[in-house]
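Colleague: Please take me through this model one point at a time, and state the cut-off behind each term when it comes up.

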Amino acid sequence: MSNVPSFWRDEERVLADKFLRDGYVVIPAESRADLDRIRDLLADVTAAYLKLPRPQDKGAFLDHIHEKVDVRRLNDLRLAVIREMNEEPWTRVSYFNTARRALEVLVGNELAMQLRINLSIQLPDDDSSLLPVHADVWSGDSPYEVVLWVPYVHVYGTKTMYILPRETDGGYQERMGELKLKSAEELYRTIEPDLTWLDIPYGQVLLFTQNVMHGNVVNHEPETRWSTNCRFKSVFSPYHDKKLGEFFEPILVRPATAIGASYRLPSVG
Ligand SMILES: O=C(O)CCC(=O)C(=O)O
Ligand SMILES: [Fe+2]
């Protein structure tokens with residue numbers, strides 16, 4: 001045992017160590033009320049768009065939406081729901097509230113948040129909106145970003161997303177050059193034995209670093225997947241293509257930072 005005292009609180013250290021090891025954590029939503037409010041909005045906006053009565057059981061309605069909409073209309077529905085969700089002034093605050101303590105522990109307490117929350121809807125057997133294996137950091141995201149990924153239905157099997165735990169991912173990314181893989185398909189087949197398929201019941205949320213490989217496949221379960229993703233980063237961590245003000249917006253800046261940033265030394269003489 002080292003005799004250097006730890007500055008961590010024990011339970012925060014446990015969460016942090018898990019995230020360092022796996023590159024992700026799945027935790028109960030910190031505010032179930034905020035989670036429910038977003039899910040209910042998704043269901044009600046979808047019902048209005050499809051000219052259906054307001055559903056009683058919002059979760060069941062979302063799970064079975066493939067009975068009411070086909071692949072041809074899916075993208076228009078998705079865009080309409082994303083627009084309405086992002087137009088509501090409260091959704092980003094509620095979204096943050098589903099994991100705010102964990103974000104503070106894992107990312108920081110001065111935070112920038114992605115301006116728009118993304119929505120993914122995956123109907124059973126639909127191959128039109130897949131995300132083959134990738135790490136977002138390969139295409140312009142900063143390695144300091146963390147994704148808060150929230151399912152609105154129970155996700156499991158092929159209805160969920162997969163992730164390569166960080167400990168294993170590191171080895172593959174180091175050997176990427178030697179592996180000489182020609183396509184995402186080949187990469188997927190290489191890492192497939194090591195993938196974790198996240199089983200997340202409604203009520204829990206996922207936080208992950210998009211530096212590790214992840215993606216999804218055709219949903220062969222009998223229900224539709226509904227999930228959202230949105231990125232957070234420490235305000236002062238390096239930015240890449242996704243800039244502050246365009247893609248990210250500061251959501252929590254502490255007074256000492258505000259005072260420091262606005263201070264001008266008096267001019268002398
Ligand atoms: O929702 C998924 O299946 C993948 C999400 C993803 O790639 C991301 O949020 O970066
Ligand atoms: Fe991604």
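**Burial, contacts and the metal site**

Colleague: Is Q210 buried or exposed, and what is its relative accessible area?
Modeller: This is a predicted model in which local features need pLDDT of at least 70 and side-chain atom pairs count only at pLDDT 80 or more, while totals for chains, interfaces and linings use all residues, and side-chain values use heavy atoms, with hydrogens and water left out. Residues are numbered from 1 along each chain as its sequence is written, with chains lettered from A and ligands numbered from 1 in the order in which they are written. Q210 is found in the loop between β7 (204-209) and β8, where strands (E, at least two residues) and helices (H or I, at least four) are DSSP runs numbered from the N terminus. On a scale where buried means under 20% relative accessible area, exposed over 50% and partly exposed in between (1.4 Å probe, protein chains only), Q210 is buried, with a value of 0%.

Colleague: At what distance does the side chain of Q210 make a polar contact with the side chain of E145?
Modeller: A polar contact is a pair of N or O atoms within 3.5 Å; within protein, one must be able to donate a hydrogen and the other to accept it, and residues adjacent in sequence count only if both atoms are side-chain atoms. One such contact, of 2.8 Å, joins the side chains of Q210 and R231. The contact between the side chains of Q210 and E145 is at 2.4 Å.

Colleague: Which residues are the protein donors of the iron ion (ligand 2)?
Modeller: Donors are N, O and S atoms within 2.8 Å of the metal (3.2 Å for Na, K and Ca), and sites may look incomplete since water is not among the atoms. Along the chain, the donors of the iron ion follow the spacing H-x1-D-x77-H. Lying 2.1 to 2.2 Å from the ion, they are H134 (NE2), D136 (OD) and H214 (NE2).

Colleague: How many residues apart in sequence are the parts tied together by D136 and H214?
Modeller: Both D136 and H214 are buried, and the relative accessible area of D136 is 10%. D136 lies in the loop between β3 (118-122) and β4 (146-151), whereas H214 is in strand β8 (residues 214-215), so the pair ties together parts whose separation in sequence is 78 residues.

Colleague: Which side chain makes a polar contact with the side chain of D136?
Modeller: The place of D136 is the loop between β3 and β4. At 3.3 Å, the partner of the D136 side chain is the side chain of R231.

Colleague: How far is an oxygen atom of ligand 1 from an N or O atom in the side chain of N216?
Modeller: Ligand 1 is surrounded, in the sense of having a heavy atom of the residue within 4 Å, by residues including W149, M161, F208, H214, N216 and R231. An oxygen atom of ligand 1 is 3.1 Å from an N or O atom in the side chain of H214, and for R231 the corresponding distance is 2.8 Å. For the side chain of N216 the distance is 2.7 Å.

Colleague: What is the volume of the largest pocket?
Modeller: A pocket is an open set of points on a 1 Å grid over the protein atoms alone, where a 1.4 Å probe fits and protein lies on both sides within 12 Å along at least five of seven lines; lining residues have an atom within 4 Å of a point. Its volume is the space filled by probe spheres set on the points, which are joined across faces, edges and corners. For the largest pocket, the volume is about 470 Å³.

Colleague: Which of the residues lining the largest pocket are the closest to its centre?
Modeller: The lining has 10 nonpolar, 12 polar and 4 charged residues, and α4 (71-87), β3, β4, β8 and β9 (225-234) each supply at least two of its residues. Here Ala, Val, Leu, Ile, Met, Phe, Trp, Tyr, Cys and Pro count as nonpolar, Asp, Glu, Lys and Arg as charged, and the others, Gly among them, as polar. Of the 26 lining residues, the closest to the centre are L119, S120, S129, L131 and N229.

Colleague: Which elements give two or more residues to the lining of the second largest pocket?
Modeller: About 410 Å³ of space lies in this pocket, and of its 20 lining residues the closest to the centre are F19, L20, L106, V146 and T209. The elements are α1 (10-22), α6 (100-106), α7 (166-174) and β9.

**Backbone**

Colleague: What is the phi of D125?
Modeller: Most residues other than glycine have a negative phi. D125 is in the loop between β3 and β4 and is exposed, with a relative accessible area of 54%. Although D125 is not a glycine, its phi is positive, at about 65°.
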